[in-house]
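Hello,

Here is the structure I said I would pass on. My notes on it follow below.

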Amino acid sequence: MHMADALVSPAVGGTFWAAAAAMIACSSSKVRRNLDERKVPLMGVLGAFVFAAQMINFTVPATGSSGHLGGSLLLAILLGPAAAFLTIASVLMVQALFFSDGGLLALGCNIINLGFFPAFIAYPLFYKRMVGNNPCRSRIVFAAIVAALIGLQLGSLGVVLETVTSGISSLPFTTFLLLMHRSTWRSVPLKGS
């Protein structure tokens, strides 16, 4: 879920800017240490694909936020967590700077919500463990769906916590969380819908 500047106080926005900057520095160092020259063009191509896919937004009613397809898990599967995090951070920076999608104050929050949770939580703790050492198509698909849903839910929880902590939301915490949770589930295409 993409956050707008109006949902974040300067204190919360600044804190998440610092956290995102630290994660970018850490990820850059890791990618530099383990640089595979073949991965750099792939990062660019996949970043462009995710950028285009994430430009399709839907409004989350009554919350002031919007949702869109998230590409961080796909990036983590194809590039690894550190390279995925750098790629999604780059995509989010371009969206904020040139398309006013998300805003500059909320940029750190968006990088954590859309980059950190899928790449460093959903991918290693759920996707990789569920796929295991003997991957097969059904296991990969099931693990990707579960990890994507977990990453989306964690991102939605991040939006709620950051907005409530900022003192911006007029909605009670539980109502806001329920609206974000329901909109996340509605964005998942289900068979027959």
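**Cores, helices and one buried threonine**

The largest nonpolar core has 31 residues, and those with the most contacts inside it are I24, L75, L79, L92, I111 and Y127. A nonpolar core here is a set of buried Ala, Val, Leu, Ile, Met, Phe, Trp, Tyr and Cys residues joined through side-chain atoms within 4.5 Å. Buried means under 20% relative accessible area (1.4 Å probe, protein chains only). Two or more residues each come from α1 (10–33), α2 (39–54), α3 (72–79), α4, α5 and α6 (137–166). Of these, α5 gives the most, with 10 residues. The helices are DSSP runs (H or I, at least four residues), numbered from the N terminus.

This is a predicted model: local features need pLDDT of at least 70, side-chain atom pairs count only at pLDDT 80 or more, and totals for chains, interfaces and linings use all residues. Residues are numbered from 1 along each chain as its sequence is written, and side-chain values use heavy atoms, leaving out hydrogens and water.

Not counting residues up to four places away in sequence, I24 touches F85, L86, A89, M93 and I111 (contact means heavy atoms within 4.5 Å). A second, separate core of 9 residues includes L7, V8, V12 and F176.

Helix α5 (residues 107–131) has a kink of about 55° at Y123, shortly before the proline P124. The bend is the angle between axes fitted to the seven residues ending there and the seven starting there. After α5 comes G132, with a positive phi near 70°.

T87 lies in helix α4 (residues 81–99). T87 is buried, at 4% relative accessible area. Leaving aside neighbours within four places in sequence, T87 is in contact with M43, G47, L75 and L79.

Regards

Key:
Buried < 20%, exposed > 50% of the residue type's maximum accessible area, 1.4 Å probe, protein only.
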